[in-house]
Amino acid sequence: MTNSPTLGQFEQLVLTAILSLGDNAYGVTIHARVEELAAPRKAALGAVYATLDRMEDKGLVSSWMSDPTPERGGRAKRHFKLEQAGVLALREAAATAQRMVEAVRARWGEDSWEAT
Amino acid sequence: MGSDVSQRGGPPALLEGVIRVLLPPAAREPVLGDLWERYRSPGQFLSEGVRTMSYVVAAQARRSTSAPIVGLQIFILFACLGGFFPTMRPDVMPNGARAGIAVAAALLGLILRNVYREPGSPVRQGLLDAATAAAMVLASQGLLAVLMNAGAIGPGWMISTGTYVLGALALPILCILGAVEGRDDSLRQAAAAGTLDSVRMDYERFGNRTRGRNIAEMAALALIIGLSAYILVTTKPAVAPFGWSFLAGYAAILAYLARRGGAANLPADADLAATRALYRAELVRQDKLRRVMWWFWFVPLFAGLITELLVFGITHDDPARILAGIATILLLGLCIAKINADRGTTVRRKVASLEATA
């Protein structure tokens with residue numbers, strides 16, 4: 001039993017996006033990856049910011065500002081990375097999801113994914 | 001405007017300026033950059049900017065708002081706007097409801113001010129907090145007056161004119177709350193690396209902040225002493241001796257703050273160990289001073305709650321008022337204790353980080 005905080009579904013998506021983007025995780029790219037992961041559902045850019053702020057306050061992620069770039073009107077990017085608590089929480093959420101998938105497959109079979 | 005877009009490769013300057021102003025300063029740079037990067041058309045930029053702003057404002061409000069500070073702001077405004085006064089006539093709107101409308105308006109202004117707060121000196125922050133609350137109370141009363149004149153609401157919704165004098169007493173305390181307990185990121189940062197110059201600079205900044213806050217607190221105390229003395233002399237209440245003894249206490253505190261309220265000056269010849277020791281000692285002393293001061297600032301409010309709720313409830317055989325008195329006294333004490341506990345935790349972390357770099 002670990003003490004990592006329980007993540008909501010949107011938090012899981014945002015943490016997964018940050019993990020998969022590596023050094024290129026900032027608002028625009030995180031939002032795009034979250035929409036890929038959540039497809040066909042759409043996600044608001046603002047909802048991603050609000051979730052990132054909340055997770056930073058919980059110590060799950062941390063952020064830093066990069067140098068300004070011309071394609072952004074000379075503005076800096078706020079980059080994000082997972083902190084140890086975020087890694088643990090995501091690992092736990094992924095393990096739970098894995099067990100759910102196995103349970104669903106055991107009951108409905110491999111074809112259950114195509115049916116949806 | 002079209003040529004403006006093609007030359008800049010981004011949104012029209014005017015549109016960008018509008019979104020820029022609406023975004024909270026803490027999130028402005030990265031969010032505006034992201035919106036720039038996603039720019040496709042002015043309509044898309046405006047629509048996405050407005051939708052994003054609502055989330056960012058809500059997130060910033062959550063991050064910048066401290067529950068115990070909001071609790072104290074509600075208490076002090078509600079009390080000074082006459083919300084705890086018993087309503088003597090059953091046919092008029094209760095004092096609590098009238099004060100509640102004004103407090104809600106002031107609170108909305110204070111929360112939005114937290115969201116759009118720019119960095120600045122603690123004293124300036126405190127003054128702007130008090131000015132915001134006053135402006136919002138006046139605006140709410142102005143709106144009620146318009147609605148009343150238009151016949152949309154009946155009479156008795158506005159706070160009485162005499163209450164404004166009492167309401168003015170809330171302003172110095174709101175100012176102190178903003179100046180003293182406003183977010184102090186420097187206190188949250190770990191101690192500077194262990195060179196004499198860096199620790200000395202860190203301490204000088206800390207000293208300047210405490211001295212600024214001390215001046216604000218002394219000014220607020222002087223204002224309260226003056227206003228309270230005026231009220232005592234002009235209204236001659238039955239509890240005047242009690243009031244004068246409060247004021248004597250305030251004057252004694254004012255004298256102490258004038259002498260020892262700010263952090264001590266760092267001796268020019270202090271070495272690294274002496275600088276660290278003084279820094280630690282002053283952090284702890286300032287924290288203790290703050291603990292005592294918050295309880296002291298709210299002594300009159302505690303007294304008011306006892307007389308207006310508890311004593312009134314007992315003498316008028318009103319159990320609801322007695323229960324409300326007990327609950328509000330406990331809640332007020334809880335808010336003060338929580339503020340002190342939060343600051344104590346931050347101070348202990350700072351002291352620990354100073355010891356860690358030793």
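The model is a predicted one.

**Domains of chain B**

Let us start with the overall division. Chain B splits into domain 1 (1-63), domain 2 (65-182) and domain 3 (189-358). Between the C-alpha centres of domain 1 of chain B and domain 2 of chain B there is a separation of 32 Å. Where these two domains meet, 6 residues of domain 1 of chain B are in contact with 6 residues of domain 2 of chain B. On the domain 1 side, the most is given by helix α4 (residues 42-64) of chain B, which supplies 4 residues. By type, that side of domain 1 of chain B has 4 nonpolar residues, 1 polar and 1 charged.

**A pair of crossing helices**

Helix α5 (residues 67-80) of chain B and helix α15 (residues 319-356) of chain B have axes that come within 8 Å and cross at roughly 140°. The two helices, α5(B) and α15(B), are therefore oblique to each other, and their crossing is left-handed.

| Helix | Residues in the contact |
|---|---|
| α5(B) | P68(B), I69(B), G71(B), L72(B) and F75(B) |
| α15(B) | L331(B), L332(B), C335(B), K338(B) and I339(B) |

Sorted by type, the residues of the contact of α5(B) with α15(B) come to 8 nonpolar, 1 polar and 1 charged.

How values were computed: Residues numbered from 1 in each chain as written. Chains lettered and ligands numbered in written order. Predicted model: local features only at pLDDT ≥ 70, side-chain atom pairs only at ≥ 80, totals over all residues. Domains from an automatic or database assignment. Contact = placed C-beta atoms within 7 Å. Nonpolar A, V, L, I, M, F, W, Y, C, P; charged D, E, K, R; others polar. Axes fitted to C-alpha atoms, helices over the stretch in contact; angles between N-to-C directions. Parallel < 35°, antiparallel > 145°, perpendicular 65-115°, else oblique. Left-handed = near helix turned anticlockwise from the far one by under 90°.
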